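Dear colleague,

I am passing on the structure we spoke about, and below it you will find my notes on what came out of it. Please read them alongside the model.

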Amino acid sequence: MCTFCKIVSGELPCYEVYKNKEVTAFLDINPIAPGHTLVVPNKHVEKLDHLENSSVRGALMQALIDVSNQLINAGLCEDYTILSDNGLHADQDEPHLHFHIIPRLIDEEIKIYTPTNQEAAKETELLNVLDVLQRSK
Ligand SMILES: [Zn+2]
């Protein structure tokens with residue numbers, strides 16, 4: 001059983017901030033900022049694209065909104081970033097789907113640097129990707 005499944009089942013402790021029958025949210029024990037929270041589906045699924053249950057899909061989005069509101073209403077932040085790494089090449093560190101909600105504060109030292117791929121930004125490449133996507137429907 002993976003670490004997050006153990007947390008969801010109660011086998012491992014966590015700083016739980018939100019729980020219903022489909023989703024659990026708890027504080028990240030290696031927080032980037034105070035209030036940094038992880039949101040996970042209770043049932044083990046590795047990646048977002050593996051999530052077939054539409055009820056769980058909806059519950060996850062609801063939890064992301066509810067927990068963000070919790071952080072805001074508690075005065076921990078007004079702004080936040082939501083991240084989810086999916087798969088080996090995305091540096092997913094735990095093989096159980098999870099979303100980070102990271103409070104963002106004025107004068108913080110967090111730098112999330114995502115440079116534009118200049119080749120991919122060319123119009124011919126954008127049109128090529130669009131064509132590939134449309135043909136794969
Ligand atoms: Zn798991």
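**Contacts and core**

Leaving aside its neighbours within four places in sequence, I101 is in contact (C-beta atoms, placed from the backbone, within 7 Å) with T37, V39, L64, V67, S68, L71, Y80 and I82. Please keep in mind that this is a predicted model, in which local features need pLDDT of at least 70 and side-chain atom pairs count only at pLDDT 80 or more, while totals for chains, interfaces and linings use all residues. Residues are numbered from 1 along each chain as its sequence is written.

I101 is also among the residues that touch the most other members of the largest nonpolar core, together with A25, V39, V40, A63, L64 and V67. That core has 20 residues, a nonpolar core being a set of buried Ala, Val, Leu, Ile, Met, Phe, Trp, Tyr and Cys residues joined through C-beta atoms within 7 Å. Buried means that 20 or more other C-beta atoms lie within 10 Å of a residue's own, exposed that 12 or fewer do, and partly exposed anything in between.

In α2, L60, A63, L64, V67 and L71 are buried, and they line one face of the helix because, seen down its axis, they fall within an arc of 105° (taken from the directions from the axis to the C-beta atoms). On the other side of α2, the exposed residues are S54, S55, G58, I65, N69 and N73.

Kind regards

Technical notes
Two residues are in contact if their C-beta atoms, placed from the backbone, lie within 7 Å. Helices (H or I, at least four residues) and strands (E, at least two) are DSSP runs, numbered from the N terminus.
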